[in-house]
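The stops below are meant to be selected in order, one after another.

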Amino acid sequence: MHASYPALRLRRTRSADWSRRLHRETQLTPADLIWPMFVSEGDAEEPIASLPGVSRWPIAGIVERAREARALGIPCVALFPNTPHGLRSDDGREALNPDNLMCRAIRAIKEAVPEVGVLTDVALDPYTSHGHDGLVDAAGYVLNDATSDMLVQQAVVQADAGADIVAPSDMMDGRVGAIREALEGAGHANVQIMAYAAKYASAFYGPFRDAVGSRGLLKGDKKTYQMDPANAEEALREVALDLAEGADSVMVKPGLPYLDIVARVKAAFEVPVFAYQVSGEYAMIEAAAAAGAGDRDALVLETLMAFKRAGCSGVLTYHASHAARLLGA
Ligand code: PBG
């Protein structure tokens, strides 16, 4: 006879697959995924070297991807344009052109696959010759209020083209309220705002900047507008402001290194929280798998589940279609 038994054996419920499924606290489904994709002019797929497995697609290809999203049960795609360099300028005015690449892609998707939500990035970096998200003064400082005026117009132009969710990713102060007011005034009461509320000045955005063609252009860094990775209380203040200004949901970005922020935001506000598993995170997983350091499929599903466990309503991930297939869609 054993001297003493554990009062409770937590391994008991783990002992068989049926039981593990029964006790699972968190579910991950294709409906949790937002699929970011890059659109380019021309008519050929363009693989992105620093983002292996991800390509820029011409509009026809983007529409195909949106069809794929629909078939896989992915509710929403996020669009980012690789604006031709000749159309980039100091003030990023191409962002306001109702016939720019972005708006044509939005219209094409909404025409062919209206059941799929379209999320658009509101920021000037794919349109500026200096790679910053806003207008810069002579000293290179990104101007807040003048930038915000541009972003308001950009958001309305995107909504006019059919965007379902506009997602300001620029981190200017006050832009969510200004965008909300303009959307209402322009007849877009049902267009949602997903605020990149806690967006950090991160080293994980490199491959994205390759994808939208801004890496080589970027002068300096984005530390005067994106957040310091050392700060968490400030993230709560950012979220509080964006919600007060009318954001429907908030985003934390990057993803995995900032799950503490996701959990704190969810606990403090009880609102829909999304996270962006950004390009550098995707590239790390791909590199680890390619180096034999881990199983790709398992890494993908474990990281995505972690976002859900931390409190996310959904995740923006370049692994979206692959994950949806693994989830048996
Ligand atoms: C730009 C923007 C960035 C990302 C999304 N929107 C890059 C940046 O802030 O420099 C990064 C996404 C990724 O790395 O996958 N407004």
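**Before selecting anything**

What you have open is a predicted model, in which local features need a pLDDT of at least 70 and side-chain atom pairs count only at pLDDT 80 or more, whereas totals for chains, interfaces and linings use all residues. Residues are numbered from 1 along each chain as its sequence is written. If you colour by pLDDT, the predictor's confidence in each residue on a scale from 0 to 100, the protein averages 97, and 99% of the residues score at least 70. For the complex, the predictor gives an ipTM of 0.97 and a pTM of 0.97.

**Stop 1**

**Stop 2: helix α5**

Helices (H or I, at least four residues) and strands (E, at least two) are DSSP runs, numbered from the N terminus. Select α5, residues 175–185, and show R175, V176, I179, R180 and L183, which are buried; a residue is buried if 20 or more other C-beta atoms, placed from the backbone, lie within 10 Å of its own, exposed if 12 or fewer, and partly exposed in between. Following α5, look for G187, which has a positive phi near 85°.

**Stop 3: helix α7**

Go next to α7, residues 233–244, whose twelve residues reach 17 Å from the first C-alpha to the last, close to the 16 Å expected at 1.5 Å a residue; the expected span is 1.5 Å times one less than the number of residues. Which residues of α7 are buried? They are A235, E238, V239 and D242, and they sit on the same side of α7 because their arc around the axis is only 95°. Turn to the other side of α7 and you find E233, R237 and A244 exposed. Among the elements that cover the buried residues of α7 are α5, β7 (192–199), β8 (249–253) and α8 (259–269). Just after α7, G246 takes a positive phi of about 115°.

**Stop 4: helix α10**

Helix α10 covers residues 296–310, and its end C-alpha atoms are 21 Å apart, in agreement with the 21 Å that 15 residues should span at 1.5 Å a residue. Show V300, T303, L304, F307 and A310, the buried residues of α10, which share the same side of the helix because they cover an arc of only 125° around the axis. What covers them includes α8, β9, α9 (279–290), β10 (314–317) and α11 (320–326). α10 is followed by G311, where phi is positive, near 125°.

**Stop 5: backbone details in the loops**

Select M171 in the loop between β6 (165–168) and α5, where phi is positive at about 70° although M171 is not a glycine; this residue is buried, with 25 other C-beta atoms within 10 Å. Then select E270, in the loop between α8 and β9 (273–277), which has a positive phi of about 50° and is not a glycine either, but which counts as exposed, with 9 C-beta neighbours inside 10 Å. In the loop between β8 and α8 you will find P254, and the peptide bond from K253 to P254 is cis, with omega near -10°.

**Last stop: Y282**

Finish in helix α9 with Y282, which counts as buried with 25 C-beta neighbours inside 10 Å. Leaving out residues up to four places away in sequence, Y282 touches L51, Q277, Y318 and H319.

Notes:
Arc of directions from axis to C-beta. Contact = placed C-beta atoms within 7 Å.
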